[in-house]
Each structure stands twice: as structure tokens, then as C-alpha cells.
Amino acid sequence: MKITDELLDYIGILARLHISDEEREKTKQEINKIVEYMDILNELDTTNIEAMSHAFPVRNVFREDIVQPSVNREDIILNAANKKEGCFKVPKAVE
Amino acid sequence: MEFETVLGLEVHTELATDTKIFCSCSTEFGGEPNTHVCEVCSGMPGTLPVLNKQVVEFAIRTGLATNCEITRYNKFDRKNYFYPDLPKAYQVSQLYLPICQNGHIDIEVNGVKKSIRIKEIHMEEDAGKLIHDPWDDCTLVDYNRCGVPLLEIVSEPDFSNGEEVIAYLTKLKAILQYTGVSDCKMEQGSLRADVNLSVKPVGSKELGTRTEMKNINSFKAIARAIEGERARQIELIKEGKKVIQETRRWDDNKGASYAMRSKENAQDYRYFPEPDLVPIEIDDEWIEKVRQSLPELPEAKKARYLSEYKLPEYDVDIITGSKDLVKIFEQAYEVCQNAKEVSNWIMGEVLRLASETSTLPEDISFDAKNLGKLILLVKNGVVNRNTAKEVFEKMFSDNVEPEQYIEQHNLKMVNDDSAVKEVVSKVIESNPDSIEQFKQGNEKVNKFLMGQCMKQLKGKANPAVVTKILDEELSKLK
Amino acid sequence: MDIFQLSALELGKKIKSKEIGVVEATKAVLENIEKKEPEYHCYVTVCKKEALKQAEEVQKKIDSGEYQSPLAGVPAGVKDNMCTKGMQTSCSSRMLETFKPVYTATAVQKLQNVGAVILGKTNMDEFAMGSTSETSYFGITKNPWNTEHVPGGSSGGSAAAVAAKEAFYTLGSDTGGSIRQPASYCGITGLKPTYGTVSRYGLIAYASSLDQIGPMAKNVEDVTEIYKTIAGHDNKDSTSVNHPSPSFTLCEDMKGKKIGIPIEFFGEGIDADVKEAIYKAAKVYESLGAEVEEISMPTIKYAIPAYYIAACAEASSNLSRYDGIKYGHCAEKYDDLVDLYYQSRSEGFGSEVKKRILIGAFVLSSGYYDAYYNKALQVKALIKQSYDDAFGKYDFLLTPTAPTTAPKIGESFKDTLKMYLSDICTVSVNLAGLPGLVVPCGLDKTGLPIGLQLIGKAFNEETLLNAGFAFQKATDFHTVSPETIAK
């Protein structure tokens with residue numbers, strides 16, 4: 001697999017990251033080298049092997065439907081750079 | 001060229017749990033912005049989700065009520081995208097193994113029965129609310145709704161027109177309400193639908209390109225959106241243009257849909273299994289337990305009302321279509337044991353007053369047992385039907401108790417013959433002209449005299465009794 | 001008395017017997033920190049005032065009998081990716097430079113509940129991504145054994161702080177070796193517990209299915225006590241296993257124990273000194289009555305690609321929440337909402353983090369998911385299987401922790417892939433969710449420490465800790481420190 005400029009741009013959009021012109025070649029090369037290396041997994045036959053997202057069979061972890069106090073609003077927005085009237089403030093997102 | 005429409009529906013319903021899906025914050029609607037929020041639902045670094053068991057129960061209930069298979073081993077996945085209403089920048093949802101699959105809901109439109117297949121039902125979390133701030137021309141973000149549990153109910157593209165969609169939604173809404181899964185308050189966004197629509201020439205096997213219209217929140221708007229989008233697509237095809245696969249927003253005020261900005265909207269959600277949650281295993285025992293706890297569902301109820309109470313199908317459809325009307329029906333019936341009367345009152349006065357006062361069925365607040373009592377009071381001749389309607393208006397608006405109210409306002413029918421006789425005599429005495437005419441054989445004055453009597457009796461007398469006594473007194477004059 | 005010669009438990013004992021006061025001990029460490037920080041830079045934040053205040057309170061509660069733990073009053077450091085209420089928690093990233101959590105991580109809270117004095121937050125690779133601690137936005141940490149070398153990573157600050165006596169013990173986190181490898185490089189003892197044993201609540205996620213908090217200290221006894229304190233079920237972490245909290249007494253008996261040495265851990269690039277030290281350690285176990293055998297685990301070499309795919313994928317999702325809106329770095333100039341995301345993220349993250357996010361976005365993206373992410377999870381299953389097979393025969397496995405001792409500062413980033421490949425000894429343990437213990441087992445020719453890694457069965461930390469205890473009873477590598485070498 002080869003990461004082309006187009007593909008790099010595409011994943012940059014998905015990740016919301018700018019790749020500056022200076023970093024571009026280096027980033028592309030490094031990612032390519034790593035992705036190429038990842039391709040050695042193709043040596044392994046994994047037909048009929050179930051993908052394992054958890055190493056241990058923990059199942060059915062639930063919480064009862066009982067209300068607990070929420071966190072103070074001041075604390076919720078404490079770390080926000082822009083806030084107004086108890087809300088997070090962002091550039092216009094709704095028409 | 002004639003076209004036919006192919007429609008599919010994705011319905012989102014907010015569940016009637018007390019707490020959010022992954023944290024213990026309240027799901028209560030309203031409240032000051034960001035006051036029903038904690039470190040988990042606001043996506044603070046280091047926080048982890050823990051699943052609310054009630055959400056799973058509600059999902060199983062809904063699956064059973066819509067004839068689905070319950071997925072014995074199901075998991076959550078992350079759907080990744082950036083938007084300010086989604087604090088973690090991923091929505092925890094179910095893509096690969098949704099909790100319910102392969103169900104159906106049967107509908108009937110204009111006497112034609114049809115089965116709408118349900119592809120799947122999955123659990124997920126709701127997003128926050130964005131508020132436009134005109135002063136700063138910016139957007140304010142409130143996370144109170146963030147993490148409220150949702151079920152997404154995905155149908156197959158089995159609808160061919162808006163009427164079918166509305167019939168399906170009506171039925172689905174009734175099921176969700178009956179099972180206590182959701183209050184389905186569309187105006188609060190607890191029931192919303194996305195419509196997938198494509199058109200194709202009649203008879204063509206090939207499906208057209210479909211568009212999706214998101215988050216339409218009233219039945220009427222859905223019907224209009226379907227009609228509008230259908231017309232738009234047909235127009236495009238007729239002009240030789242292509243329908244583009246895209247997400248559109250229906251503006252119900254303008255009666256038109258708009259393509260949503262797609263510049264940064266690559267529809268690549270990079271789903272993967274949510275590593276912070278463990279799989280859910282549902283065994284037969286659990287499913288049986290939920291099945292046992294299910295109430296009688298709309299379809300079964302309808303069949304029973306038809307066979308047991310012999311009510312008109314139209315009335316039964318209306319009543320069983322709403323959990324709240326059913327509640328009124330059943331409570332009133334329990335008191336008076338007269339299904340026909342209760343049904344008539346609901347179809348007549350209850351719905352009339354609800355419509356006049358723009359009251360939704362769920363907001364009707366009178367004690368339905370009192371309607372049963374009122375019906376008995378009419379039956380036992382304590383009040384007449386007209387008075388009963390007046391009393392009911394008071395019950396509807398102020399939840400008054402009918403017996404007390406009738407007593408306090410002296411509305412009982414006068415069943416005492418001597419009292420009626422007294423009034424009749426007075427009327428005869430004070431209307432000598434009419435009596436003269438009567439004596440001359442003008443029978444028409446009877447009606448006038450009768451009206452005078454009733455007026456004096458303030459409508460509280462049984463008209464049959466008044467007629468009888470008036471006739472007796474008049475005949476003495478002959 | 002030089003209190004820095006004491007282990008955490010020894011200090012705890014002296015505090016209990018009132019030979020040393022908590023404030024006195026805390027002051028001594030803070031002074032040492034002040035003295036050594038300019039050289040080593042183990043900490044991102046030192047909370048001097050808070051630590052002294054805590055020390056006073058802890059002393060009172062020890063005096064009143066409320067605190068009974070052998071760790072009560074012992075000053076400790078916490079890796080800067082664990083949330084501490086009101087105390088800056090930066091993950092060594094510009095992104096979280098000013099971030100103050102509104103709650104405390106469960107593992108840290110558990111320490112505080114028994115009277116730990118938290119000195120501050122230790123330096124690390126940015127968002128725990130790295131194996132040298134060079135990616136920290138706040139500057140690199142230096143290896144106290146030789147300041148031209150890295151301390152390892154990502155818990156480099158936690159490891160160096162113990163080695164430099166800037167804390168009696170620390171908490172680290174381990175996603176692909178981030179406790180074990182720096183423990184090895186800094187000549188200390190470190191444990192990565194079984195996945196699910198220590199709550200991840202409040203640990204700022206790198207790769208959720210692999211992250212695990214664990215103790216780093218001078219010896220196995222300290223590590224065992226800290227492990228017992230922080231382990232246990234937490235209902236705020238769904239992946240936390242509902243097992244009874246560990247309670248066992250260390251036992252050095254190695255007679256009849258079966259130990260496997262997987263030869264794949266000694267592949268290309270292994271340093272001769274490291275290999276020799278590990279095989280010498282095997283001899284120690286033999287001398288204690290254990291049986292040692294070489295075994296082969298051919299799937300191990302696939303652990304690195306599988307690990308980087310899984311870890312980057314999860315990281316790309318976990319780190320999407322840093323958007324400049326709710327917390328963290330917010331760009332000053334931006335055109336609109338989308339630009340706010342781009343600017344804040346591009347400014348806030350360092351290049352290694354960005355690279356891993358990009359790789360993660362790629363392996364999850366439409367069309368590549370099956371070939372990469374799903375494949376990696378399948379390989380994960382195979383690796384777990386090969387460990388299960390090995391544990392059918394052996395009580396634990398004995399391996400190097402890294403192919404080499406600590407590299408020189410600046411060396412590793414010349415070739416990122418090579419750096420990733422050096423994680424060969426550690427990452428498979430995370431993929432299989434197993435516990436791994438690292439104990440010092442010698443020095444190389446240049447005087448840098450070598451760590452021995454013991455890998456155990458899931459939820460069987462006891463066997464590992466006993467084995468480490470036995471080794472430390474039989475050897476004195478763990479008592480050697482940078483100062484003793486200098487002398």
C-alpha cells in the first residue's frame with residue numbers, strides 16, 4: 001500500500017490536521033515506511049480467525065438507571081477558551 | 001413517463017429512561033444549558049462510559065414489539081466525525097452488531113394491508129444542542145441532551161408513498177408509547193425521522209439514486225417533505241439531470257429541501273468497535289422476562305376491542321392509536337362498563353375539546369375514572385346529556401369531580417313530578433294568550449309552552465317527564 | 001540517615017514508627033527535586049505547596065490512626081496523563097498545557113485514600129506516544145544514569161524520578177511498553193498489570209484497549225504494595241475486571257517453576273550485553289530450582305504492526321475530542337468553525353502525535369478497515385492464542401525488555417520505523433492483555449541498566465511478583481543506583 005498525496009490530503013481532512021508544505025514530504029515518507037511495514041501482516045493467514053477487540057471475555061457491564069447529581073456548570077465550562085451564558089461558544093455552525 | 005417512489009425511514013426515538021445512556025445525569029427535558037452534564041457526557045479527557053441497563057431492556061422491548069430477532073451477542077461501535085454538538089467527536093452507536101434485526105410492522109392504508117420490514121434497531125447516544133446567538137453571530141453549545149439514549153429504528157425501503165409512511169409512524173409511535181419506551185414527544189425531539197427517497201420509472205427494477213432528508217419532526221412535515229422531494233427528483237430526471245446522492249435538509253416553512261454542505265463532510269465515519277465498552281450477551285431467559293413484561297400491544301388491543309366491545313373499526317383505530325386515549329378508555333370503562341358510551345364520549349367530546357384547545361393526547365389531564373362516573377350519572381338519569389357535556393367541559397379543563405360539581409352547581413335533573421307540575425302550572429297561568437290559541441286547536445303552541453317550562457327548569461328536567469305532565473295539564477283545560 | 005537509601009515501604013515504616021515525619025520526608029524530596037530538576041527534568045509540574053499541605057494532613061491522619069497503609073505518608077509522583085482535580089494535567093502536550101481536570105483518576109484517588117503525598121506530575125512522551133520521552137512539549141527528560149541518554153518512554157519522567165530519587169515511587173501507564181521499557185532503561189522495577197486490573201478512569205486515553213496504569217519503584221516489594229493499593233474493580237470503568245482485590249504475601253520459592261524463554265525476543269538488533277544479562281538471569285532462576293527452556297513463538301514478530309495499527313486507530317478517535325472548544329489549546333486566529341478545528345489541532349499536537357493520528361485515520365478509513373484494523377484484531381487473537389499455548393506449559397516467560405539499553409538523545413527519531421521496531425519485546429504483552437514485570441538485571445559495558453521482563457498469565461500478577469522477589473533476593477542489581485556507580 002502506498003500513501004499518495006491525495007490519500008494524505010484525505011486522511012488530513014478526516015483527522016482535521018493541516019500538513020504543512022515543510023512537513024509534507026517527511027510525513028509522507030515516514031507514514032509510507034510504517035504502512036509498508038504493516039503490510040507484513042498479509043503474510044499471516046487469518047481466514048476464520050475472529051477479530052478480537054477485548055482480550056478477556058468481560059460481558060454485560062451495566063449501571064442502574066438512577067440519577068446522580070451532575071457536575072457544576074462552572075466546572076463543565078471551566079477549561080473552555082470561549083464561553084457565553086453557560087455555553088461553549090463556537091463560530092457559527094447553524095444557519 | 002410515470003414514476004414510483006421508493007421510501008425508507010430511519011426513526012430516532014429518545015428513550016424514557018431517568019438517566020443518560022453512559023452516565024448518571026438526568027435526561028429531563030429543558031433546564032438551563034449545561035446543567036444536566038458531567039465529565040462523562042461532556043467528553044472530558046480520561047472519562048469512560050458505563051451502559052445504562054434500562055436502555056438494553058427498552059431496546060429488547062421495542063425489538064419484541066416489532067417482531068425483531070434479538071441479537072444475542074451485540075456490541076457498540078464508534079462513529080467518528082467532528083461537530084460541536086458531539087463533544088467526544090465520536091458517537092457511540094451500533095454498526096456491526098445491532099441489538100435487534102429483521103422485524104416488521106404491519107400497516108393498513110385505505111383498506112390495503114402491507115408489511116414494512118425493519119432492517120435493524122440499534123442503541124446510540126444523542127448529541128447536544130446548538131443555539132444560534134444573533135448578537136455575536138456565533139453558535140452556543142449546550143450538552144444537556146448529549147448522551148440521552150436513542151434507539152434508531154431503520155426500515156427497509158418498503159414504502160411507496162407518504163400515507164404509508166404516516167401509517168407506519170403512527171403505529172410505531174403507539175408501540176413505543178404502549179411499551180413505555182418513549183414518550184414520543186415530537187415537539188421535544190424525542191421522535192424524529194430521516195427519510196430516504198428515490199424515484200424510478202414505474203415497473204423499472206433498477207432503483208434510482210436516493211437522497212436523505214434528516215431530522216424532520218412532525219408527521220405533516222414528513223408528508224410534505226416526501227411530496228416535495230419526490231417532485232424535485234422527478235423534475236430533475238425529466239430535465240435530463242441527475243439526482244445526486246446527498247443529505248438534504250427539509251425546510252418546512254419554505255416547503256423546499258436544500259443540500260447540506262458537504263465540503264468537509266466526507267461520509268467516512270471510520271466505525272470501529274468501541275473499546276471502552278464490553279459486549280452485551282442476551283440469553284433466552286432475559287428475552288422471556290422482557291416478553292412477559294410487555295403490555296398488550298396496539299394490534300392485539302384493536303382485535304380485542306373489535307371482538308369484545310363490538311366498536312366501530314374507525315373508532316378503535318383512533319383510540320388504540322394512542323396510548324393516552326387507551327388509558328382514558330380503559331379507566332372509564334372500568335367504572336361504567338359501557339364500552340360504546342365511552343368510545344362515543346372519546347370520539348366526540350374528548351377529541352373535540354382536545355382539538356379546540358390544541359391539547360395533545362398525552363397532555364389530557366382529567367381523571368378518566370370521572371368520565372366513567374359521568375356516563376353512569378347520565379344513565380341513571382341524574383343529569384341529562386346536555387348538562388353532562390357542560391360538566392365534561394369543566395372536567396376537561398379543571399379536572400373537576402362530576403358528582404360534586406353537579407351537586408355544587410345544582411345541576412341535577414328535576415325528577416320530582418310535583419316540582420315539574422308546579423312549573424307547568426305557572427307557565428300555563430302566565431301565558432293566557434297561548435292557552436287561548438291552544439283551546440282553539442292550535443297544537444303548535446305546545447312546543448312553545450314546553451320550551452318555557454324547560455327554561456324555567458333550567459334544563460335540569462327530564463324532557464319526557466315535562467312533556468307528559470304538560471300534556472296532562474293541557475288536556476284538563478280542554 | 002540518608003532517607004534516599006530507603007525504599008517506599010522502608011520509609012513508610014519509619015513514618016509509622018515516627019522516626020521520620022511526613023512533612024520532613026516530603027521536604028527532603030522536594031529539595032532533591034529542586035536540586036536535580038534542572039539536570040533531569042522528570043516533572044512537568046511540581047506541586048510544592050499542595051504537597052506540603054497534604055503532608056501535614058496525612059501526618060495528622062496517621063497520628064489519629066486513620067491511615068494504616070504501609071504507604072501512608074510516602075511521597076510519590078504521578079504521570080501527567082492521569083487526571084488530578086484542579087492540578088494541571090497536560091499529557092506533556094501543548095494541547096493540554098492549561099488543562100485542569102475537574103475530577104481525579106481512580107488510581108490516583110486510591111493512593112490518596114491511603115495517605116500518599118502527591119509531589120507532582122511526571123514528564124512523558126506527548127499523549128504517551130513514544131518510547132524516549134523526547135516528544136514532550138515541555139522538554140526532554142534525561143536518564144539519571146547518563147544524561148546523554150533518554151530515560152525511555154513514554155513514562156520516562158516516572159522512571160527517571162524514581163532513579164533520581166525525586167520520588168519514592170511513581171505511577172506510569174503502559175500501552176505498548178511505556179512502564180516496562182523506561183523501568184528497564186532507568187534500572188528500576190515496574191509492573192504493567194493485566195488489562196482490566198487497574199481502573200483506567202481518569203487516565204487520558206491513548207489506546208483504550210491497551211492502556212493500563214501500573215507502579216514504578218525501587219524494588220518488587222514496593223511495586224507489590226502499590227499494585228495492591230491501586231488494583232481492584234471500579235464501576236466507572238466497564239473494562240475493569242470484577243475480581244477480588246489482590247491480597248497475597250510475596251514468596252521467593254522458585255522450586256519446580258517452569259520458565260520459558262521465547263527466542264523471538266532475541267532477534268535482529270539485540271544487543272549482546274542485553275542478551276547475556278537475560279541468559280544470566282535465567283541461570284539465577286535455575287540455581288533457585290526452576291526449570292528454564294527456550295521456546296518459539298513465531299507470531300510475535302507480527303505484534304508490532306498489529307500494535308501500531310490498533311493503537312493508532314484508537315488514538316485517532318480518542319484524540320478527536322481535542323478540538324479547541326471544550327478544553328485544551330484553542331487557536332487565536334481562525335476563519336470559521338472548520339478552520340478552528342484545523343488550527344487548534346495542528347498547533348496543539350506535536351509531530352509524532354499527528355503522525356499517529358493520521359495513520360489511525362488511514363487504517364480505519366473506508367476501504368482500508370478490513371485490510372488493516374480488522375486484520376490487526378485478528379492477529380491480536382493469534383498472539384493471545386500463542387501466549388495461551390505457552391502458559392499451558394510454563395508458569396511465566398523470561399525475556400529482555402528492549403533489544404538495547406537506553407539510546408542517546410536524538411538518536412531514535414532519525415528512523416521512526418526502527419524506533420517502533422524496538423518495541424518488539426513489549427507490545428505483544430499489551431495485545432494479549434497480560435501482566436509484565438521488569439526488574440533490573442545488570443548493566444551494559446557503558447554502565448547503563450538492563451531490565452529483565454517477566455511475562456505472566458492473565459490476572460496472575462502474584463506469580464510474576466514472586467518471581468521478581470526471588471530474583472531480587474538472589475541478586476543486588478536493584479540496589480545499584482546512578483550515585484553508587486558515580487562513587
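## Chain A and its two interfaces

The side chains of Lys92(A) and Asp137(B) form a salt bridge at 3.7 Å, N to O. A salt bridge here is a side-chain nitrogen of Lys or Arg within 4 Å of a carboxyl oxygen of Asp or Glu. Five salt bridges are found across the interface of chain A and chain B.

This is a predicted model, in which local features need pLDDT of at least 70 and side-chain atom pairs count only at pLDDT 80 or more, while totals for chains, interfaces and linings use all residues. Residues are numbered from 1 along each chain as its sequence is written, chains are lettered from A and ligands numbered from 1 in the order in which they are written, and side-chain values use heavy atoms, with hydrogens and water left out.

**Interface totals**

The size of an interface is often given as the accessible area lost when the parts come together. Buried area is that loss, taken with a 1.4 Å probe and summed over both parts. Contact means heavy atoms within 4.5 Å.

| Interface | Buried area | Share on carbon and sulfur atoms |
|---|---|---|
| Chain A and chain B | about 4000 Å² | 56% |
| Chain A and chain C | about 5100 Å² | 72% |

**Chain A against chain B**

The contact involves 35 residues of chain A and 58 residues of chain B. Phe62(A), Arg63(A) and Asp65(A) supply 18% of the area that chain A buries against chain B, more than any other three residues.

Polar contacts are pairs of N or O atoms within 3.5 Å; within protein, one must be able to donate a hydrogen and the other to accept it, and residues adjacent in sequence count only if both atoms are side-chain atoms. Between chain A and chain B, 29 residue pairs are in polar contact, both at pLDDT 80 or more. On chain A, the elements giving two or more residues to this side are H1, strand E1 (62-63), helix H3 (73-76) and E3. Helices (H or I, at least four residues) and strands (E, at least two) are DSSP runs, numbered from the N terminus. E3(A) gives the most, with five residues. The side of chain A that touches chain B divides into 17 nonpolar, six polar and 12 charged residues. Nonpolar covers Ala, Val, Leu, Ile, Met, Phe, Trp, Tyr, Cys and Pro; charged covers Asp, Glu, Lys and Arg; the others, Gly among them, are polar.

Strands pair if DSSP finds at least two bridges between them. Lys89(A) has Leu140(B) as its bridge partner in E10(B).

**Chain A against chain C**

Here 50 residues come from chain A and 65 residues from chain C. Four salt bridges are counted between the two chains. One of them joins Lys355(C) and Glu30(A) at 2.5 Å, N to O. H2(A) provides the largest share, nine residues. The side of chain A that touches chain C divides into 32 nonpolar, nine polar and nine charged residues.

**Strand E5 of chain B**

E5(B) (residues 77-80) is covered on both faces. Asp77(B) and Lys79(B) on one side, and Arg78(B) and Asn80(B) on the other, are all buried (under 20% relative accessible area, 1.4 Å probe, protein chains only; exposed is over 50%, partly exposed in between). E5(B) pairs antiparallel with strand E6 (residues 90-93) of chain B over four bridges. Asn80(B) stands opposite Tyr90(B) there.

How values were computed:
Buried area = accessible area lost by both parts, 1.4 Å probe.
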